[in-house]
Protein chains: 4
Amino acid sequence: MKSIAVLTSGGDAPGMNAAIRAVTRYALVNGVEVYGIRRGYCGLIEDEFVELQLSSVANLIQRGGTTLLTARSEEFRTPEGRKKAATNLKKRDIDGLVVIGGDGSFRGAQKLSEEHKVKVVGVPGTIDNDIYGTEATIGFDTAINTALEAIDRIRDTASAHERTFIVEVMGRDCGEIALYVGVGGGAEVISIPEKPTSVLEMAEAVRYSLKRGKLGSLIVVSEAGKPGHSYELAKKLEAEVKSPVRVVVLGHIQRGGTPTARDRAIASALGIGSVRRLIAGRSDLMVGIKGDLVVDTPLSEVVSKKKEIRLDYYEMAQILSK
Amino acid sequence: MKSIAVLTSGGDAPGMNAAIRAVTRYALVNGVEVYGIRRGYCGLIEDEFVELQLSSVANLIQRGGTTLLTARSEEFRTPEGRKKAATNLKKRDIDGLVVIGGDGSFRGAQKLSEEHKVKVVGVPGTIDNDIYGTEATIGFDTAINTALEAIDRIRDTASAHERTFIVEVMGRDCGEIALYVGVGGGAEVISIPEKPTSVLEMAEAVRYSLKRGKLGSLIVVSEAGKPGHSYELAKKLEAEVKSPVRVVVLGHIQRGGTPTARDRAIASALGIGSVRRLIAGRSDLMVGIKGDLVVDTPLSEVVSKKKEIRLDYYEMAQILSK
Amino acid sequence: MKSIAVLTSGGDAPGMNAAIRAVTRYALVNGVEVYGIRRGYCGLIEDEFVELQLSSVANLIQRGGTTLLTARSEEFRTPEGRKKAATNLKKRDIDGLVVIGGDGSFRGAQKLSEEHKVKVVGVPGTIDNDIYGTEATIGFDTAINTALEAIDRIRDTASAHERTFIVEVMGRDCGEIALYVGVGGGAEVISIPEKPTSVLEMAEAVRYSLKRGKLGSLIVVSEAGKPGHSYELAKKLEAEVKSPVRVVVLGHIQRGGTPTARDRAIASALGIGSVRRLIAGRSDLMVGIKGDLVVDTPLSEVVSKKKEIRLDYYEMAQILSK
Amino acid sequence: MKSIAVLTSGGDAPGMNAAIRAVTRYALVNGVEVYGIRRGYCGLIEDEFVELQLSSVANLIQRGGTTLLTARSEEFRTPEGRKKAATNLKKRDIDGLVVIGGDGSFRGAQKLSEEHKVKVVGVPGTIDNDIYGTEATIGFDTAINTALEAIDRIRDTASAHERTFIVEVMGRDCGEIALYVGVGGGAEVISIPEKPTSVLEMAEAVRYSLKRGKLGSLIVVSEAGKPGHSYELAKKLEAEVKSPVRVVVLGHIQRGGTPTARDRAIASALGIGSVRRLIAGRSDLMVGIKGDLVVDTPLSEVVSKKKEIRLDYYEMAQILSK
């Protein structure tokens, strides 16, 4: 292993920089050169490579976003695009590629491996925590803490005005963010894509909450692929409960920010783990977290299997909201 | 002065609890009884009074929201409502009333004073900082810091994706929040009700920003009485700049949360100032902040004059965004 | 199972309130009465019991400290003390006791069980993460995030002045806090009780750091049972490196504060888990976290075995600090 | 005015970067070249100048510390040192110098002006808020918010254990930090250099607090030139109140961190104000904040007069702690 490259792809997530730093430092300490690729697969195709030194990643661990930038690339979905990408790697004698990103990014990585024998290791970086093969993705912990801070604030206003609030959090097909934020925020109702709550159930919960003398109610719902759908939901709920329902769509504030201790730790462990595997001659896999350990899953499994929602956790939420 | 009452009215603001605490402690230390009225003018009409002790306000200074609750009262807009209110005060021999709230609340207070000779002192509590007669209102400093934290996070994502974001902050007729948040967040464009920026001007700023090689642009706009209007704005801007524009509506997360040091200080000073004036036999005024001092303004002026936007500050914003 | 009691013992930790809430809600939902005991074992001996309702734990999940208070009890170390404790439980027909605390608290719980057949379940609550049988204790995640925030601030000053700082964090025999904070803060040196770093090694690291052109160095050390020992250490290090070394002892700011999302989640899961086991007739055990699961360990093992430091993690720290 | 230079000197303060940014942008927009001098007066003597562009100050407003670095210079206290400094400015035809720093830095600036006719404008940047001629210094607002966050955490532990804590905050001759932090944190006692509280008075307050049934007491004291003096104080107080007293020395965590909204605003206004005055041909003055305005004070007054402590504020603290 003489040299490797690293890129970030898909939505940015806090801790991506910490992962880039770990990849770079671990490689350099082990005598492996490192190239950073800017703008994800776009830069891979358009040959935006920059050699990384220790100084390139100084004072980086605590920064949100990604210093390598990220973008979505249509061209990389085509065989021609991927061929250009592989050519750029080969002309520099780059033996391995670390892809920090989500589901879609790994699908691309897998094709690059199949078609051009590029050795790829995936590092799960997305706030959604929707990746099979890891208990946690880089960015998830920061995102739920950011959302929770917002919820704690909204609870103040909900109580002061004795009002119902719907808080819409991120998460397309996966309710992990809503689930953790709902539990941590003491929400009266949590609605996730895997277990949607009907308007009638919501109305019942709000009425029960009023009956118990609670000051205000919080309903946490996943964006579920329809950002802003909560405005419509609020109208329907208002019609049921005959009192005003406010909406807050947290949106992009959940993405950025200084990563938490846990995200820095996970990012560091996974970053190192990815390079260690490449050096050991292993690839076509994603490194993930299981308890205290770094574990592997073949990329083919990662992209074909769906992460199960923790039903025990969902039940816990139900109990705690009573 | 044997006893006074205190209420919070209108939208809640961080620091209202610190003001309630200061009112209570200063009154009790000076031998004056204090009643807290729950739910603002609603509770004043419906006789929801509770006597406050030192222990009622313990461990309260750092709490967001308002422990006395707040509400909007239609009935208080009628002479009959205000009569009930005055009766409730008189039957308890309450000599003075501290109203913590905004513009609308002071209008009500003034009528109560005119019609029923209730001695009223206003304390400006609203995140909007739109009150004549004070440089700062209770809650403004916390709100802009909360919004700024969100902006700092959004900047991470805007840079990582090299994208334009519109961030909509609170502020009906008054651009103070947008102005401070825009300056503090290094926004490329700030649009406030007093000086709206056209879509064409925004587009020009975004293009200039791209030309200078900036990673992403931030546009901060006031809600301006039309919460959510930024979605429409984004569409128009996208059509001009031919690239995606994302929207974040900060909404109610700007209201709650632990008050900042400054809001606790202002709230404490104004809370004490209000009781001091009642004890000194003065009323029909609002206490406000001017530099290091607590100053008075007649309620009649407060409700009839409009706070001027700081044009020097707006110009500063223009210079800094270049 | 008709009724249970819950207490917090030893040093307070963020998330204890979330655990109390989960214990209370899960018990009540399952038809079991709950008593809160104030001041830990002191209150158990002195009969300070208070019945808990749903409303007792409302708006509690986000609060730092412990609403049940905590204290160290000398009397509980004596057979007479524990006899009084058992008598107080029996006279109320309390069938099970949940003890939220650390090592020392579990030792007491175990004796109570042995001598008086009290059914006890332990919930690990301590910021130190030094308990055998769980990957994480309640409060650890918040503590490391708080410490990390402080470190990020100190890094600003260390860089601005190009200076060396020693930051002393909590942790008596266990280096977990220092390890995570050191990794997350990008420390140049980490010294933990399990692997102390000598002054000469520190000096070497500081000199290497200077040679590489770094702006300032951070050394994170555990308190290691000698709070404030860093002042002495700094003098020795100054003598070696011939330049000023500053010291910050983080101390008690690591204890309090709003719990993180993870601490709220762990506390909720463990709180529920503890009552679930009591209802199922199981006791003399501690509930702990392993990955996504709640697992059991006999109390006898918990108090006799020592949690191993994660050496892989320590090695990671070594690599990342190069 | 063809070109100016800017440096930061003395202890770093959050917002210094925002000031550097404002100086740079305002100068460039007005056609004036800007040089940044690294390491304060050291770099001025040793000729460490770097030309600043718009891109040099991008993404800087939210950063703690100072990107220009800071240092204390013994050589600048000598006429020879200042001569070298003046020579370096003159050889580059630099017409004006902006010094961001505190008291000591302004004394140096004044000498440079007297001896070598360098046109100097001071910008008050120090967390201590101890400068004559301004209501607020850059960094003060951030420092008190950071300290307050720590205090809020300590209050959790003080309450949970019903214990007394002494919290030592920064401030050599000036009690501003202790005063604001004590008021905002609801401290039972505040001791400042201008009005030291005796151990006996502290003991009385602690006993009164216990009598009132308060859970724990907080005593906020200024460092007062003797960092760590609180350990000694705690021993004396323990002897009086016969119960344990804990100490937290906040130290350097008060210096760094992301600046607050107010510090960014003040830094921006003062940074612009300083260049505006140089362009207008005015110098030998410090720009300061008075309410909403930027005001001037001759440097000779700034360095010879002492900022008065706000006695009204101190009295407020006394009342609120009762």
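**View 1. Chains B and C stay apart.** Chain B and chain C do not touch, and their nearest C-alpha atoms are 11 Å apart. Contact here means that the C-beta atoms of two residues, placed from the backbone, lie within 7 Å. Chain A and chain D likewise have no contact, with their closest C-alpha atoms 11 Å apart. The model is predicted: local features need pLDDT of at least 70, side-chain atom pairs count only at pLDDT 80 or more, and totals for chains, interfaces and linings use all residues. Residues are numbered from 1 along each chain as its sequence is written, while chains are lettered from A and ligands numbered from 1 in the order in which they are written.

**View 2. Chain B meets chain A.** In this interface, 28 residues of chain B contact 28 residues of chain A. On the chain B side, α5 (140-161) and β9 (245-249) each supply at least two residues. α5(B) gives the most, with 10 residues. Helices (H or I, at least four residues) and strands (E, at least two) are DSSP runs, numbered from the N terminus. By class, this side of chain B has nine nonpolar, 12 polar and seven charged residues. Ala, Val, Leu, Ile, Met, Phe, Trp, Tyr, Cys and Pro count as nonpolar; Asp, Glu, Lys and Arg count as charged; the others, Gly among them, are polar.

**View 3. Two domains of chain A.** Domain 1 covers 3-139 + 259-304 and domain 2 covers 141-255. These bounds come from an automatic or database domain assignment. The C-alpha centres of the two domains lie 34 Å apart. Their contact takes 15 residues from domain 1 and 13 residues from domain 2.

**View 4. Helices α6 and α11 of chain B.** α6 (residues 176-184) and α11 (residues 311-321) pack at about 30°, with axes 10 Å apart. Axes are lines fitted to C-alpha atoms over the stretch in contact, and angles run from 0 to 180 degrees between N-to-C directions. α6(B) is therefore roughly parallel to α11(B), a term for angles under 35 degrees. B:L179, B:G182 and B:V183 of α6(B) make the contact with α11(B) residues including B:Y313 and B:L320.

Technical notes:
Parallel < 35°, antiparallel > 145°, perpendicular 65-115°, else oblique.
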